[in-house]
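This briefing concerns the aromatic pairs, the nonpolar core and the surface of one structure. Please read the points below alongside the sequence and the model.

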Amino acid sequence: MGGTRSWSSLLVHILVIALCLTAFGFAIAAERRRSTGSIVTDINNSTYCTYDSDISTGYGVGAFLFLLSGQSLLMGVTKCMCFGQPLAPGGSRAWSIIYFVSSWITFIIAESCLIAGATKNAYHTKYRHMIYAGSWTCDSLRKGVFISGAVFVVLTMTLNVYFYMYYTKSTSQAAKKANKPTANVGMAGYA
């Protein structure tokens with residue numbers, strides 16, 4: 001039983017790391033391929049913006065979905081730490097709770113950066129007013145939004161690995177304590 005548990009634990013670690021690293025790669029690709037706009041003047045002397053490829057939005061959504069899949073896999077396996085096996089009291093339980101909360105915080109920040117970057121990158125201004133033609137530029141995503149998401153993806157991955165490591169340690173300690181033989185004291189009535 002212990003061998004099967006360690007293999008399944010290793011498989012969960014590998015899958016979570018693979019999904020998070022894929023999300024990291026998509027986030028980096030999204031940052032490198034952000035759409036940029038250029039000002040074009042038509043025959044009526046009105047200006048408008050043209051944008052290059054919008055592939056960055058797809059990369060950002062891909063990073064969002066891969067990170068969501070990794071987090072969902074881990075929370076499904078651990079039953080979100082609330083509905084599964086009981087955790088043994090001690091240091092492993094405390095660390096698993098700390099890593100659980102921290103990983104959710106970094107996960108929410110990473111997902112916010114990725115989805116905000118994807119939606120902002122998808123937004124393109126078309127026509128600009130003639131009055132403001134000298135002071136306005138074509139709207140585009142600022143540098144660093146997807147990089148911030150990528151950094152938080154790596155933090156989430158690291159915290160998830162530590163969370164699952166301490167979670168499995170704590171649940172296996174609880175199982176050992178439950179199976180520990182206890183001495184039975186017979187109680188007999190005095191007559």
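In this predicted model, Phe100 counts as buried because its relative accessibility is 13%, below the 20% cut-off for that class. Phe163 counts as buried as well, at 0% relative accessibility.

**Aromatic pairs**

- The count of aromatic pairs comes to ten.
- One of these pairs joins Tyr99 and Tyr166, whose rings are stacked, with 5.8 Å centre to centre and 20 degrees between the planes.
- Tyr99 lies in helix α3 (residues 91-122) and Tyr166 in helix α4 (residues 145-178), so this pair ties together parts that are 67 residues apart in sequence.
- Tyr99 counts as buried because its relative accessibility is 16%, and the class requires a value under 20%.
- Phe100 and Phe163 form an aromatic pair that is tilted, with 5.4 Å centre to centre and 50 degrees between the planes.
- Because Phe100 belongs to helix α3 and Phe163 to helix α4, their pair ties together parts that are 63 residues apart in sequence.
- A cluster linked by ring pairs consists of Trp95, Tyr99, Tyr162 and Tyr166.

**Nonpolar core**

- In soluble globular proteins, nonpolar side chains tend to be buried together.
- The largest nonpolar core has 25 residues, of which Leu67, Leu74, Val153 and Phe163 touch the most other members.
- Two or more residues of this core come from each of the elements α1 (2-32), α2, α3 and α4.
- Helix α4 gives the most to this core, with eight residues.
- Which residues are in contact with Leu74, leaving aside its neighbours within four places in sequence? They are Val12, Val16, Asn160, Phe163 and Tyr164.

**Nonpolar surface patch**

- Val61, Leu65, Leu68 and Ile115 form a nonpolar patch on the surface, and together they have about 280 Å² of accessible area.
- Helix α2 (residues 55-77) supplies the largest share of the patch, with three residues.
- Val61 is found in helix α2.
- Val61 counts as partly exposed because its relative accessibility is 32%, which falls between the cut-offs of 20% and 50%.

Key
Residues numbered from 1 in each chain as written. Predicted model: local features only at pLDDT ≥ 70, side-chain atom pairs only at ≥ 80, totals over all residues. Heavy atoms only, no water. Phe/Tyr/Trp six-rings, centres within 6.5 Å; stacked < 30°, edge-to-face > 60°. Helix = DSSP H or I, 4+ residues; strand = E, 2+ residues; numbered from the N terminus. Buried < 20%, exposed > 50% of the residue type's maximum accessible area, 1.4 Å probe, protein only. Patch = residues over 30% accessible without salt bridge, like charges linked within 9 Å, V, L, I, M, F, W, Y side chains within 5 Å. Areas by Shrake-Rupley, 256 points an atom, 1.4 Å probe, with all protein chains shown as cover. Salt bridge = Lys/Arg side-chain N within 4 Å of Asp/Glu carboxyl O. Core = buried A, V, L, I, M, F, W, Y, C linked by side-chain atoms within 4.5 Å. Contact = heavy atoms within 4.5 Å.
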